[in-house]
Amino acid sequence: MSLFDSKFSTACPGCGQEIAAKIVVDIAGKNTIISNATGCLEVFSSKYPDSAWKVPWVHSLFENSAAVASGVEAALKHLGKLKDIKVIAQAGDGGTADIGLQALSGMFERGQEILFCCYDNEAYENTGVQRSGLTPLNTNTTTTPPGKESVGNTRPKKPMLEICAAHKIPYVASASIGFIKDLKDKVKKALSIRGPKYLQIFVPCPLGWRHGPELTMKIAKLAVETGLYPLVEFENGKLTSAMKIPQPKPVEEYLKLQGRFKHLLKNKQELQRIEETAKANIESFGL
Amino acid sequence: MKRFLEGSRGVAEAIRLCKPGVISAYPITPQTHIVEDLAQFVADGELKTEFVNVESEHSAASVVLGALATGVRAFTATSSQGLLLMGEVIYNIAGMRLPLVLTCANRAVSAPISIWNDHQDSLAMRDTGWIQLYAENNQEALDFHIQAYKLAENKEIMLPVMVCMDGYILTHGYEPVDIPEQKKVDQFLPPYNTSYKLDPSHPITMGHLAEPSCYMETRVDIQNALNRALEMIPQIAKEFGTVFERNSGGLVESYRLEDAQYVLVAKGSLAGTIKEVVDNLRKKGKKVGMLRIITYRPLPVEAIYQALKNIPNVGIVEKAISLGAFGPLFTEIKAIFQNKKGNPKISGFVAGLGGRDITRETVERIFSKIEKRQMDLEFIDVKQERLNEFVRF
Amino acid sequence: MKELKIYARAGQGAITSAAILGQALFLEGKYAYAFPNFGAARMGAPMNAFLRFDNKPVRAHCQVYSPDYVVIIEPALTKVLDCFKGLKEEGIVVINIRKGEELPCLDKQRVVGISAEEIALETIGKPFANTPLLGAFAKATGQIKLESMLKAIEMHFSDKKEILEKNLEAARKGYEAVNETAI
């Protein structure tokens, strides 16, 4: 039986985050305490008086899931229970890379025994699809709408993996729900390593990205296969593995399935810039 | 044992005796000496606690929130901007019903930046559901922390307590304080044991999403718990007196009110200065007195009413202002007397903002003011020549 | 009730001095409140520390405006500040005097100057004028016994044993110096 009871979840059909969160908690097992940031996952899993969580779970605020988890970890250490109980902090991309970045950096630097999972759906989906630091270049969000003077988000995605790796923590990795086995292996690996760990999981959002719920897994695969979302691992600050994509698929294949990129399809120049992003990833990570 | 100590050290000694399992703090003047002393206790092996150094007050408050949610007693201390930065978590801790004890080393708020004492910081947290106690001297600051844990952790209360002590005046002031024996503190304050915690053997969800169908009740619950605290605080003070053989704590303190005609109401270290002025004026035959608010939240409405109902002239002296309105305590005490028998003439005075010293002469002047006429708001010791100076075009 | 105001530059030990005096009085069964008035806390800025003491608990938490005693650790401050403002007529000033400098002249109050810096250099090896001034204060005012003062200094330096003896010596010499130079 899953430790995430979907009966008490109000997630949208095809929600990538729900799939990922369920995998993470089930691999972690029942001796786990989760600190969850404000966001979609928190909202759809903890509607009072119900809860989808079969493990102890706490939500405090948007930016402090890493700090709350730090307190849980310190308390378990004080009680002598840290060996038996795993601590997971989790947040969306905004709660991780924007408002939560400071607390996350603090948690890393203190070397605390916590796995931080970022469910990356590349925008503030919970509040209605606004741009975050992890929103990719040229994306149409409600705060980066394309128009006469704009082709969407003007800035590239924040290099969060490198930022985390620069803290020289034992383990930093990216995963995608399009590659379930890889994801599961990385969660297991992360939980077997002592010290702070960071796992960033690519999770499509049918509502925000404007695609059919049946396309979630396909899009999650294509993001990786085009080179736009590299699946990599860093250990102690060094890149140690990357999932190879010997024959990268054209980025249009990925973009054309999603409403958030629709405005780009006839814009050769901007498409080219996306293609270049993929190429740069392939080169720098050796995909 | 009686010792001559800095106020911050006294608080650190109290916390050591209360044995929190997790301490987390971020440095801010004038709170620093408290957490430095605690860090030293931990370094010397005198206190078995996890001392978590963090990157902000927001995280300090979040760490102790996490620790309490895991069922472990916790402590933090802050001041001024630090408390404001914690603000969001301050609400959260009360809303989650976690029994944190926090020291607020009272300090003014920016801008302009001021490291000196007033009560604007803790007053900004007045409506959060926290219990607020104000210490007059360092002995009280020490005692209140021990009482605070007992109060916060009571199953009928389960709310955080902010022990407010005047920055510099108390935190950096040396006074004789009696440090209780560990044995007595253990007798007074049992270990924190709760089933309301994150525990894999009984998994619970904390920090739910509450829809309009259930949010309001959470606020009524807090209000009711605060009302229960009004009964609990004097009981705890009484028990404290029995165990430690000294009077400390409670809701309010009446000072020479019996036949008083002119009474000032105050909080914190200022009350000591007022007491001295009261004694001096009494020697000159003036019928003056003082009411000290020890517990500001929950507001001891009945105790204040009973203390002041026969006093013809009352002046509220506050180190805080609700800008655009009045002193907060003035407004509240006026409200207490609305539609009640006995209606003192109540005046409001705002003094000592940003560390401006409230001298004995100032206090005497305020006494003479309430003899003359009622006023809702008067700023005390304002330099007229410095007004309109700050914004230059 | 007696009140003391100390003038110094930040870093010259004004708060420590007030705290040690308070400790000494506390040892004699008196009540004391020692406290600083910081400027923005940078090294070298002029600052005050205060001490208020009595045979009964001290309650007033305001600063000191009409001191019974003034202790001046940094004599140069007398040139830029009115260090004697509010000093009671029967008050006493205890001041560190540097070579070639004159004792300030007051109409009514007694001024006791000692070469505190020189004593400190001889005993501690560093120009910490505050310790000799503690001894001088005890002698000049008669408010504190030398033994209590030495005990208070000992308590302050309890974890710095290597410099304790030197500081005790500095305080003793400061105490003795009052006889020789008192006006």
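User: Is strand E2 (residues 31-37) of chain C enclosed or open, and why?

Analyst: Start with the term: buried means under 20% relative accessible area, exposed over 50%, partly exposed in between (1.4 Å probe, protein chains only). In E2(C), five of the seven residues are buried, so the strand is largely enclosed by the rest of the structure. Strands here (E, at least two residues) and helices (H or I, at least four) are DSSP runs, numbered from the N terminus.

User: What should I know about the model and its numbering?

Analyst: This is a predicted model: local features need pLDDT of at least 70, side-chain atom pairs count only at pLDDT 80 or more, and totals for chains, interfaces and linings use all residues. Residues are numbered from 1 along each chain as its sequence is written, chains are lettered from A and ligands numbered from 1 in the order in which they are written, and side-chain values use heavy atoms, with hydrogens and water left out.

User: Which strand joins E2(C), and in what sense?

Analyst: Strands of a sheet pair through backbone hydrogen bonds, either parallel or antiparallel. Two strands pair if DSSP finds at least two bridges between them. E2(C) runs antiparallel to strand E3 (residues 46-54) of chain C, with seven bridges. One position to look at is Ala34(C), whose bridge partner in E3(C) is Leu51(C).

User: How many residues make the contact of chain B and chain A?

Analyst: Chain B gives 36 residues and chain A gives 39. Buried area is the accessible area (1.4 Å probe) that two parts lose on being put together, summed over both. Here it is about 2,800 Å², with 64% on carbon and sulfur atoms.

User: How many salt bridges cross this interface?

Analyst: A salt bridge is a side-chain nitrogen of Lys or Arg within 4 Å of a carboxyl oxygen of Asp or Glu. The rule finds three between chain B and chain A. One of them joins Arg110(A) and Glu55(B), at 3.4 Å from N to O. On the chain B side, the elements giving two or more residues are strand E3 (50-53), helix H3 (57-69), helix H4 (80-95) and strand E9 (205-206). H3(B) gives the most, seven residues.

User: Where does E9(B) pair with chain A?

Analyst: E9(B) pairs with strand E2 (residues 57-59) of chain A, in the parallel sense, over two bridges. Trp57(A) stands opposite Thr205(B). Within chain A, strand E1 (residues 32-36) also pairs with E2(A) in the parallel sense, over three bridges. There Ile34(A) has Trp57(A) as its bridge partner.

User: What is the strand order of the whole sheet?

Analyst: The order is E8(A)-E7(A)-E5(A)-E6(A)-E4(A)-E3(A)-E1(A)-E2(A)-E9(B), an open sheet of nine strands with mixed pairing. E8 of chain A and E9 of chain B are the edge strands, each pairing on one side only.

User: Is helix H9 (residues 216-225) of chain A covered or open?

Analyst: H9(A) is mostly covered, with seven of its 10 residues buried. Among them are Ile219(A) and Leu222(A). The cover includes helix H1 (16-28) and strand E5 (171-176) of chain A. Gly227(A) follows H9(A), and its phi is positive, near 95°.

User: Where is Pro250(A)?

Analyst: Pro250(A) sits in the loop between strand E8 (238-242) and helix H10 (251-255) of chain A. Its relative accessibility is 41%, so Pro250(A) counts as partly exposed.

Note on methods
Contact means heavy atoms within 4.5 Å.
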